[in-house]
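Trainee: I have a model open and would like to talk it through. Start with a single residue, please.

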Amino acid sequence: MRGESMSWDELYLETCCRSALHRVVLSGATGRPVGPPPEGKMPDFRAPLKDRACLERLAGMGFAQQREDGRFEVTAAGRQRHEREILAMRRARHRRGGGGAR
């Protein structure tokens, strides 16, 4: 993927949708849920999920897909976009000495 840059005609990802894409990638095979779990299954600070609109937008753009169990998973196109747009920014910060994970 090195040397590839964004094209002017590529679909724009809002900051919130880039974050949602990153969360879908981090969810891996488990998938990203679209809503809060049943009462008592998870601490309140993690529910409700507020990125449902972004997940649906990502699915409409072909970067994620909703499974039969309702969870979202990344598609091959989503992995490619994540690599180019999100991971590339992290690598660029490292090269500039901007630090890494906090």
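Trainee: Glu85 first: buried or exposed?
Mentor: Glu85 counts as buried because its relative accessibility is 11%. The cut-offs are under 20% relative accessible area for buried, over 50% for exposed and partly exposed in between, with a 1.4 Å probe and protein chains only. This is a predicted model, where local features need pLDDT of at least 70 and side-chain atom pairs pLDDT 80 or more, while totals for chains, interfaces and linings use all residues. Residues are numbered from 1 along each chain as its sequence is written, and side-chain values use heavy atoms, without hydrogens and water.

Trainee: Where does Glu85 sit?
Mentor: Glu85 belongs to helix α3. Helices (DSSP H or I, at least four residues) and strands (E, at least two) are numbered from the N terminus.

Trainee: And how far is Glu85 from Arg18?
Mentor: The C-alpha atoms of the two are 8.3 Å apart, although 67 residues separate Glu85 and Arg18 in sequence.

Trainee: How do the helices α1 and α3 pack?
Mentor: Helix α1 (residues 15-27) meets helix α3 (residues 76-96) at an angle of about 110°, and their axes are 10 Å apart. That angle makes α1 roughly perpendicular to α3, a label for 65 to 115 degrees; under 35 is roughly parallel, over 145 roughly antiparallel and the rest oblique. Axes are fitted to C-alpha atoms over the stretch in contact, and angles between N-to-C directions run from 0 to 180 degrees.

Trainee: Which residues make that contact?
Mentor: From α1 come Arg18, Leu21, His22 and Val25, while the α3 side includes Glu85, Ile86 and Arg90. Contact means heavy atoms within 4.5 Å. By class, the contact of α1 with α3 has three nonpolar, three polar and five charged residues. Asp, Glu, Lys and Arg count as charged; Ala, Val, Leu, Ile, Met, Phe, Trp, Tyr, Cys and Pro as nonpolar; the others, Gly among them, as polar.

Trainee: What about α1 and α2?
Mentor: Their axes are 9 Å apart and the angle is about 80°, so α1 is roughly perpendicular to α2. Cys16, Cys17, Ala20, Leu21 and Val24 of α1 meet Cys54, Leu55, Arg57 and Leu58 of α2. That contact of α1 with α2 has eight nonpolar residues, one charged and no polar ones.

Trainee: Which residues of α2 are buried?
Mentor: Cys54, Leu55, Leu58 and Met61. These four lie on the same side of α2 because they cover an arc of only 125° around the axis, taken from the directions from the helix axis to the C-beta atoms. The buried residues of α2 pack against α1, β1 (64-66) and β2. Exposed Ala53 and Gly60 are on the face turned away from the buried side of α2. Just after α2, Gly62 has a positive phi of about 85°.

Trainee: Now the core. How many residues are in the largest nonpolar one?
Mentor: It has 16 residues, and Leu13, Leu21, Leu58 and Phe63 have the most contacts inside it. A nonpolar core joins buried Ala, Val, Leu, Ile, Met, Phe, Trp, Tyr and Cys through side-chain atoms within 4.5 Å. α1, α2 (52-61) and β2 (72-74) each supply at least two of its residues, and α1 gives the most, with five.

Trainee: What does Leu58 touch?
Mentor: Leaving out residues up to four places away in sequence, Leu58 touches Leu13, Cys17, Ala20, Leu21, Phe63 and Ala64.

Trainee: Last one: what pattern does the chain follow?
Mentor: Along the sequence the chain reads α-α-β-β-α. Of its 102 residues, 30% count as buried.
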